[in-house]
Amino acid sequence: MALIAGLMFLVVCLVLLAGYPVAFTLAGIALLFGLGGAAAGAFPAGELLALPSRVFGIMTNETLIAVPLFVFMGVMLERSQIARELLEATAALFGRRRGGLGITVVLVGALLAASTGIVGATVVTMGLLALPTMLRRGYDPGLSAGTICAAGTLGQVIPPSIMLVLLGDVIASAYQQAQASMGVFSMQTVSVGDLFVGALIPGLLTVAAYLLYLLFVAWRWPAAMPAVPDDERGATTGLVLVSRLLPPLVLIMAVLGSIMIGAATPTEAAAIGALGAILLAAARGRLGRRELTAVTDQTARLTSMVFMILIGASLFSLVFSAYGGDRAVHDLLGNLPGGALGAMLVVMAAMFLLGFILDFIEITFVVVPIVAPALLAMGLDPIWLGVMMAINLQTSFLTPPFGFALFYLRGVAPASLETGAIYRGVVPFILIQLGMLGLLAAWPGLVTWLPGLVYR
């Protein structure tokens, strides 16, 4: 039976590589193996009757309501051209030093990550606004491309992040399964808010690591990151800078602050963020009927994609578990040398390699529900595990050939920028992210200290 579950997972990976839609691949393969196994007498057909209740549970999950709200907030802010204003203001502020444009891209990427959390919007915006300027000023093409792609992925680890919302829901369910498997019935739970707070310090450390790398390159190879000439710098007054920085900062503090002080759940904070994005767009005179229609249309498309994948993944995990796949994974991880640390190392390595060929949503909904209960049953902290997985999945946006940040930038980059240069440019940032994983593995308190302080 476990062999059938393994074959099922392998077939899903192969079909996804062939380019078929994720949601229908997961559901179709699950039905094929489920109905085929039932016909052969190897699968209890009654297990499929649990699917309607699972779908109903997904549709009524309060935590997942945050997904369309955060997506709406991000798309609305992108339409209000906040990124353009932030880039212009900070470029004038840091342009006087070598590497100033690179520093600007990372700082603006961090601000957009904390206010939108959408990788595609950030990378495309940066690619259209910052990349031509960087290339024209003599920046190394690979370094320019890598900086923009890496800055865009910050939206996956700096809250509010769609990835953390999805991971939080999956980790919470896995934590309950782990407690049940150990015969423990505790009222203690894990929430999306826990992951938000836990990811805050690692996210800021990642930004700091990017900046240190750029400063080192500017010092060691100054020709790769020249300063902007005096006569080409824009002039930005302190009042203009504050007027452009203050609105997104206030929105960030309203969303994250309301969660951290316990005044709102992540879903309620997402509603605050969505309303704040509407008010910012209205204040800038960019809330017409056409803009609102475009925002709601894109929000509906992205949300539908996420929920369809979630439904397909739910059916897949249902059939996979019925074939004994979850027990096989638990036994495999439990028998690895090194105990929990060895199992964690194997899972992290597998997720990193899968990131070369699968999207973070697929890994979150297919792989994490399989491995997380076993890891949590070994005594790993669920908040630490969730943040470690989030940073690992962040690399999937940068790893060729299917890194989405690479696709987004390639779509808006000039033809003179070679694809090979983009691939080379992201390698140092992938290494930085892997180094961050090692840092958090050595000092788990970087993740767990702040949630313990806020929620104790």
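Student: Are Phe 70 and Phe 196 buried or exposed?
Tutor: This is a predicted model. A residue counts as buried when its relative accessible area is under 20%. By that criterion, Phe 70 and Phe 196 are both buried.

Student: Which kind of aromatic pair do the rings of Phe 70 and Phe 196 form?
Tutor: The partners come from distant parts of the chain, 126 residues apart, with Phe 70 in helix 4 and Phe 196 in helix 11. Their ring centres lie 6.1 Å apart. Planes under 30 degrees apart count as stacked and those over 60 as edge-to-face. The planes here are at 55 degrees, so the pair is tilted.

Student: How are the rings of Phe 316 and Phe 320 arranged?
Tutor: Both residues are buried, and they sit 4 residues apart in helix 14, a separation of about one helical turn. Their centres are 5.8 Å apart, with 20 degrees between the planes. Since planes under 30 degrees apart meet the criterion, the pair of Phe 316 and Phe 320 is stacked.

Student: Which helix gives the most residues to the nonpolar patch on the surface?
Tutor: The patch consists of Leu 7, Leu 10, Leu 14, Leu 17, Ile 357, Phe 402 and Phe 407, with about 600 Å² of accessible area together. Helix 1 covers residues 2-17. With 4 residues in the patch, the main contributor is helix 1.

Notes:
Residues numbered from 1 in each chain as written. Predicted model: local features only at pLDDT ≥ 70, side-chain atom pairs only at ≥ 80, totals over all residues. Heavy atoms only, no water. Patch = residues over 30% accessible without salt bridge, like charges linked within 9 Å, V, L, I, M, F, W, Y side chains within 5 Å. Areas by Shrake-Rupley, 256 points an atom, 1.4 Å probe, with all protein chains shown as cover. Salt bridge = Lys/Arg side-chain N within 4 Å of Asp/Glu carboxyl O. Helix = DSSP H or I, 4+ residues; strand = E, 2+ residues; numbered from the N terminus. Phe/Tyr/Trp six-rings, centres within 6.5 Å; stacked < 30°, edge-to-face > 60°. Buried < 20%, exposed > 50% of the residue type's maximum accessible area, 1.4 Å probe, protein only.
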